[in-house]
Amino acid sequence: MLRALRIVLAVAIFLGLNLFFLGFVECTGGLAQIQFVPACLAFNLSLGGVALALIGMTLLMGRIYCSVICPLGVFQDIVLWVRRRIVRKDFAYRPGRPVVRAVFAALFAVLLLCGGASLAGLIEPYSIYGRFATHLFEPLAAMCANAVADLAARWGHPCILKTEIFVRGWAAFGVAGVSLLAITVLAAWRGRLFCNTVCPVGAMLGLLTRAAKSQARIQLDATKCVKCGLCAKVCKAECIDAANGIVDQSRCVRCFDCLGTCRKEALSWK
Ligand code: SF4
Ligand code: SF4
Ligand code: SF4
């Protein structure tokens, strides 16, 4: 139930954000305002409340933002969904990399403070996905629309207008293409590896999650667990240490994929 709800919400927000990037701003503009870094950077009267709400949500429920609101997170889940239908490959627990996360988070903060926002944007999730959508998906959507217009004209219905295919500079196109390839390969290979090593938002949300002692969380009941490892095999954040009965909450993205796998009812959301 929780997993189904998470997927429905994530798909709705993801589709809405893609429509936003394709120019349907009036009906979907609000979704762009609930993104973590833009809300924190534009800390004014309205967006300040959004940033505080996102921080409060993380303190109460952990990194649910990463499975529902972040378009780059949902994009990685889609890549993984496709990969699972092509190749079966289980995940396994791996220790976190707090030093790597700290280095990337510090680099991001220094770049922002020193005026290097465009460089910082190379590892900021909303900027990365924005580049995918505007530099890659938008021209692709225009090509598809033109193909439909050509077909309609061929069948004697020249009622669909063709649209201009607009590429915003080849350098930006190249950066977007390389990022898309890198994120796709990482997601297909190791699930949320980018999220738990490179992403500065993930580092920040992980810190908030670790700081909150009484939040809702995935709990592993060591008295019921038989250490079969089934749950760890589906955990794309590689954060369930079944052998020691520990879930690394700072890396768990609250996808709820693991809840249905345990036959001993040792895993729960509490
Ligand atoms: S860790 Fe970063 S990229 Fe991953 S889902 Fe969270 S905000 Fe998005
Ligand atoms: S699936 Fe259940 S029993 Fe098996 S390791 Fe995970 S929590 Fe333990
Ligand atoms: S522990 Fe469960 S909810 Fe958390 S990331 Fe892993 S599979 Fe998802």
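Guide: A residue is called buried if 20 or more other C-beta atoms lie within 10 Å of its own, exposed if 12 or fewer do, and partly exposed in between, with C-beta atoms placed from the backbone. Buried residues make up 33% of the 270 residues in the protein chain. The model is predicted: local features need pLDDT of at least 70, side-chain atom pairs count only at pLDDT 80 or more, and totals for chains, interfaces and linings use all residues. Residues are numbered from 1 along each chain as its sequence is written, while chains are lettered from A and ligands numbered from 1 in the order in which they are written.

Visitor: Why does T223 count as exposed?

Guide: T223 has 7 C-beta neighbours inside 10 Å, and the limit for exposed is 12 or fewer, so T223 counts as exposed. T223 lies in the loop between strand 1 (218-220) and helix 12 (230-234); helices (H or I, at least four residues) and strands (E, at least two) are DSSP runs, numbered from the N terminus.

Visitor: Which residues are around ligand 1?

Guide: A residue is near a molecule if its C-beta atom, placed from the backbone, lies within 6 Å of it. Around ligand 1 these are C66, C70, L72, G73, P125, C195, C199, V201 and G202. Helix 6 (71-86) and helix 11 (200-211) are the elements that give two or more residues to this shell.

Visitor: How many residues of each class does that shell have?

Guide: Ala, Val, Leu, Ile, Met, Phe, Trp, Tyr, Cys and Pro count as nonpolar, Asp, Glu, Lys and Arg as charged, and the others, Gly among them, as polar. The shell around ligand 1 has 7 nonpolar, 2 polar and no charged residues. Around ligand 2 the division is 10 nonpolar, 2 polar and 2 charged, and around ligand 3 it is 12 nonpolar, no polar and 2 charged.

Visitor: Which residues are closest to ligand 3?

Guide: Of the 14 residues that surround ligand 3, the closest are C235, A237, C252, C255 and C258.
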